[in-house]
Amino acid sequence: MRTLLFVAWVVFYISLLLVARRMWTGKYTRSPLARTLLMDALTSSDFNDQGMQEWYRCCPDLLGEKIRPLFVQSQLDEETEAFLERSVEKSGWVFTQLYHSFFSSIFSPIISRTSINGLLGRGSMFVFSQEQFRQLLQIRPDWKGEKLLDLGAGDGGVTDVMGSLFKEVYATEVSLPMRWQLQRKNYKLLEIDEWQKTGFQYDIISCLNLLDRCDEPSQLLRDIKNALVPGTGRLILAVVLPFQPYVEISISGKSQILFALVFTTRYLDLLTAFISLYNTTMKIIYIGCSYATVYLIYAKFKATYDGNHDTFRMEFLVVPVGGLSFLVNHDFSPLEILWTFSIYLESVAILPQLFMISKTGEAETITTHYLFFLGLYRALYLINWVWRFYLEGFFDMIAIVAGVVQTILYCDFFYLYVTKVLKGKKLSLPA
């Protein structure tokens, strides 16, 4: 027992050292905990010596002649200083930052960074104070607008600054936790594919750090122009330069349709035979979950579905697989042909998802984990077939060949998953 406890302690200690090393090297220096410890190591005078006024020092001479007269110089005011002081104070809360780091480590594989910030009540963005906002628009203190639309509003921190100057405030946001915060502030939420079709126009539309996260930025700008009040409507745009678009790809709806078709054709024996309660329940859950996923993608969360990149032609898979199931099967009967069709189709149903990733470059972390376990599920079937062959002398050549084909399709993804995703890097398939 003592030896076991000693070994466990050594493993824990080494793991702790590795985690600490990763936290303080490379991109991990950006973690909240590392920043907190770093700030505690620095004195307040060291922080002030950086000269916060330097942050506002710009050189308009570098701007073009047409833009230079439009440049508005901001200054460090009381509201901005208050925000910075609160940020510095919060960064010194070691236990709070430790809790945030722990929460993020646990849920980052399944929840986006934006949603984690929404659940933790952090990540508020500060772009300008109310006085800086008035100065930017060159409006009087008593000015009042009709309608404001904040695209990608986050938790509404910037919306609060602008919203007090408008009679009606609208916002869009994809992250569910952030939407909850916006609803608590009584802002009118619009879907990301709805705000262009409301029938009315806005005095101000803000698009802050959003243009480079949109797969069609030019179309977004055209929609914004059409939604502004003609002549007087204005767009407030913030974008990181140099402009480097980055769009994360999620689940392919077409792959999910194919999987729904797979389970439907495979489990039609529900109508003809009863094997056990477990078997029946399992089949119903498989079918129900597959169709529920399709419904969520195409109906419930239609606004977040990236149909522009999910362009694989499903008929290129369904038609050949259907023909093959008629030619190669165990028994030329309707149920047997449909079962064979489901086996063949499942082996290639992932292709629309892989095509979607390779077409655009990268995928969300949660998507890569989903794909890994989907491939692992089929790889484990290979072990089951070997086990049954040795113990029962049973093997199904159709299922084995289809399973091998499916596993081969995943091989490239498995390699990238192990060499990139598990090391904290983004996954991208070769185009």
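User: What makes the contact between arginine 266 and glutamate 346 a salt bridge?

Analyst: In this predicted model, the closest N and O atoms of arginine 266 and glutamate 346 are 2.6 Å apart. A salt bridge requires a side-chain nitrogen of Lys or Arg within 4 Å of a carboxyl oxygen of Asp or Glu, so the pair of arginine 266 and glutamate 346 qualifies. The pair links distant parts of the chain, with arginine 266 in helix H11 (residues 253-266) and glutamate 346 in helix H14, 80 residues apart.

User: Why are arginine 266 and glutamate 346 called buried?

Analyst: Buried means under 20% relative accessible area. Arginine 266 has 10% relative accessibility and therefore counts as buried. Glutamate 346 has a relative accessible area of 1%, so glutamate 346 is buried as well.

User: Which residues do salt bridges with shared partners join into one network?

Analyst: Lys147, Glu168 and Lys188 are joined in this way. For the whole structure, the search finds 11 salt bridges.

User: How do you know that lysine 167 and glutamate 146 form a salt bridge, and why is the pair said to tie parts together?

Analyst: The closest N and O atoms of lysine 167 and glutamate 146 are 3.1 Å apart, and the limit is 4 Å. Lysine 167 belongs to strand E2 (residues 166-171) and glutamate 146 to strand E1 (residues 145-151), so the bridge ties together parts that are 21 residues apart in sequence.

User: What makes glutamate 191 and arginine 179 a salt bridge pair?

Analyst: Their side chains meet at 3.2 Å, N to O, and a salt bridge needs a distance within 4 Å. Glutamate 191 lies in the loop between strand E3 (188-189) and strand E4 (204-208), whereas arginine 179 lies in helix H9 (residues 176-184), so the pair ties together parts that are 12 residues apart in sequence. Glutamate 191 is partly exposed, because its relative accessible area is 32%. Arginine 179 is buried, because its value is 13%.

User: How do you know that serine 347 is buried, and which residues does it touch?

Analyst: Serine 347 has a relative accessible area of 6%, so it is buried, the limit being under 20%. Serine 347 lies in helix H14 (residues 334-348). Leaving aside residues up to four places away in sequence, serine 347 touches Ala402, Gln406 and Leu409.

User: Which residues gather in the patch of negative charge, and where does the patch lie?

Analyst: Glu78, Glu81, Glu85 and Glu89 gather in this patch on the surface. Glutamate 78 is found in helix H4 (residues 78-91). At 69% relative accessibility, glutamate 78 counts as exposed, because exposed means over 50%.

User: What makes up the nonpolar patch on the surface, and which helix gives the most to it?

Analyst: Val386, Trp387, Phe389, Tyr390, Leu391, Phe395, Met397, Val401 and Val405 form the patch, with about 990 Å² of accessible area together. Helix H16 (365-392) and helix H17 (397-419) each supply at least two residues, and H16 gives the most, with five residues. Leucine 391 has its place in helix H16. At 58% relative accessibility, leucine 391 counts as exposed.

Technical notes. Residues numbered from 1 in each chain as written. Predicted model: local features only at pLDDT ≥ 70, side-chain atom pairs only at ≥ 80, totals over all residues. Heavy atoms only, no water. Patch = residues over 30% accessible without salt bridge, like charges linked within 9 Å, V, L, I, M, F, W, Y side chains within 5 Å. Areas by Shrake-Rupley, 256 points an atom, 1.4 Å probe, with all protein chains shown as cover. Lys, Arg positive; Asp, Glu negative; His and termini not counted. Charge placed at Lys NZ, Arg CZ, Asp CG, Glu CD. Helix = DSSP H or I, 4+ residues; strand = E, 2+ residues; numbered from the N terminus. Buried < 20%, exposed > 50% of the residue type's maximum accessible area, 1.4 Å probe, protein only. Contact = heavy atoms within 4.5 Å.
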